Amino acid sequence: MSITAVYPGTFDPITAGHYDLIERAARFYDRLVIAVADNRNKNSLFTIDERVQLAKTVTGSLANVEVIGFKGLLVDFVNEIEGNVLLRGLRAVSDFEYEFQLASMNRKLAPEVETMFMTPAEQYAFISSSLVREISALGGDVSEFVHPAVSKALEEKQVAR
């Protein structure tokens, strides 16, 4: 049986913490799909197309990883691509309650899809996309938190503002 895992998120932008989980998860699954959400409720810095392209650039060396943008209900997307597992990252205990609620709802909506949780390596546990955006917007150096292509894209966004 081939197992397809789906790692969903807005990835605005994709960080070293995301990549850590992606690289480690890619060893366990036949196919890992990075599902970049087009969430209209969030005020994203990058467009969906930019976020997909950045994620493709960052994960390009991982042969079994695909990046796909999606709209709508996550479980519908997972079923559409014949996914078996939802991969979720937990940085801190504070993430658990929300993630547990999501996992329970997704199990109710799609009982055939399992949710698996992973934690990032300790050196990435504090990194979040929102902190990276804020540091960048204030002129700080984010190069140790993101891929060079993401760092460059952030700089270009700040210049354009």
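Modeller: A definition first. Helices here are DSSP runs of H or I with at least four residues, numbered from the N terminus. Keep in mind that this is a predicted model.

Start with helix α5. The helix takes in residues 129-137, and Ser136 is found in it. Is Ser136 buried or exposed? Buried means under 20% relative accessible area. Ser136 has 8% relative accessibility, so it counts as buried. What does Ser136 touch, once its neighbours within four places in sequence are set aside? Its contacts are Val142, Leu154 and Gln158.

Stay in α5 and turn to Arg133. Its side chain meets that of Asp12 in a salt bridge, at 3.7 Å from N to O. Asp12 lies in the loop between β1 (4-9) and α1 (16-25), and Arg133 lies in helix α5, so the pair ties together parts 121 residues apart in sequence. The two partners carry different labels. Asp12 counts as buried because its relative accessibility is 3%. Arg133, with a relative accessible area of 25%, is partly exposed.

How many salt bridges does a search of the whole structure find? The search gives 8. Two others follow here.

The side chains of Glu50 and Lys157 meet at 3.0 Å, N to O. Glu50 lies in α2 and Lys157 in helix α6 (residues 148-160), so this bridge ties together parts 107 residues apart in sequence. Glu50 is partly exposed, with a relative accessible area of 30%.

Now α2 itself. The helix covers residues 48-59, which makes 12 residues. From first C-alpha to last it reaches 16 Å, close to the 16 Å expected at 1.5 Å a residue. Which residues of α2 are buried? They are Arg51, Val52, Leu54, Ala55, Val58 and Thr59. These six cover an arc of only 165° around the axis, which means that they sit on the same side of α2. An α-helix has 3.6 residues a turn, so residues three or four places apart point the same way.

The other bridge pairs Lys71 with Asp38, at 3.8 Å from N to O. Lys71 lies in the loop between β3 (65-70) and α3 (74-80), while Asp38 lies in the loop between β2 (31-37) and α2, so the pair ties together parts 33 residues apart in sequence. Lys71 is exposed, at a relative accessible area of 60%. Asp38 is buried, at 18%.

Next, helix α1. Arg24 is found there. Its relative accessibility is 21%, so it counts as partly exposed. The cut-off for buried is under 20%. Leaving aside neighbours within four places in sequence, Arg24 is in contact with Met118, Thr119, Pro120 and Ala121.

Last, the surface. Leu73, Met105 and Leu109 form a nonpolar patch there. Together they have about 290 Å² of accessible area. Met105 is found in helix α4 (residues 93-109). At 48% relative accessibility, Met105 counts as partly exposed.

Back to the starting point.

Conventions
Residues numbered from 1 in each chain as written. Predicted model: local features only at pLDDT ≥ 70, side-chain atom pairs only at ≥ 80, totals over all residues. Heavy atoms only, no water. Helix = DSSP H or I, 4+ residues; strand = E, 2+ residues; numbered from the N terminus. Expected span 1.5 Å × (residues − 1). Buried < 20%, exposed > 50% of the residue type's maximum accessible area, 1.4 Å probe, protein only. Arc of directions from axis to C-beta. Contact = heavy atoms within 4.5 Å. Patch = residues over 30% accessible without salt bridge, like charges linked within 9 Å, V, L, I, M, F, W, Y side chains within 5 Å. Areas by Shrake-Rupley, 256 points an atom, 1.4 Å probe, with all protein chains shown as cover. Salt bridge = Lys/Arg side-chain N within 4 Å of Asp/Glu carboxyl O.
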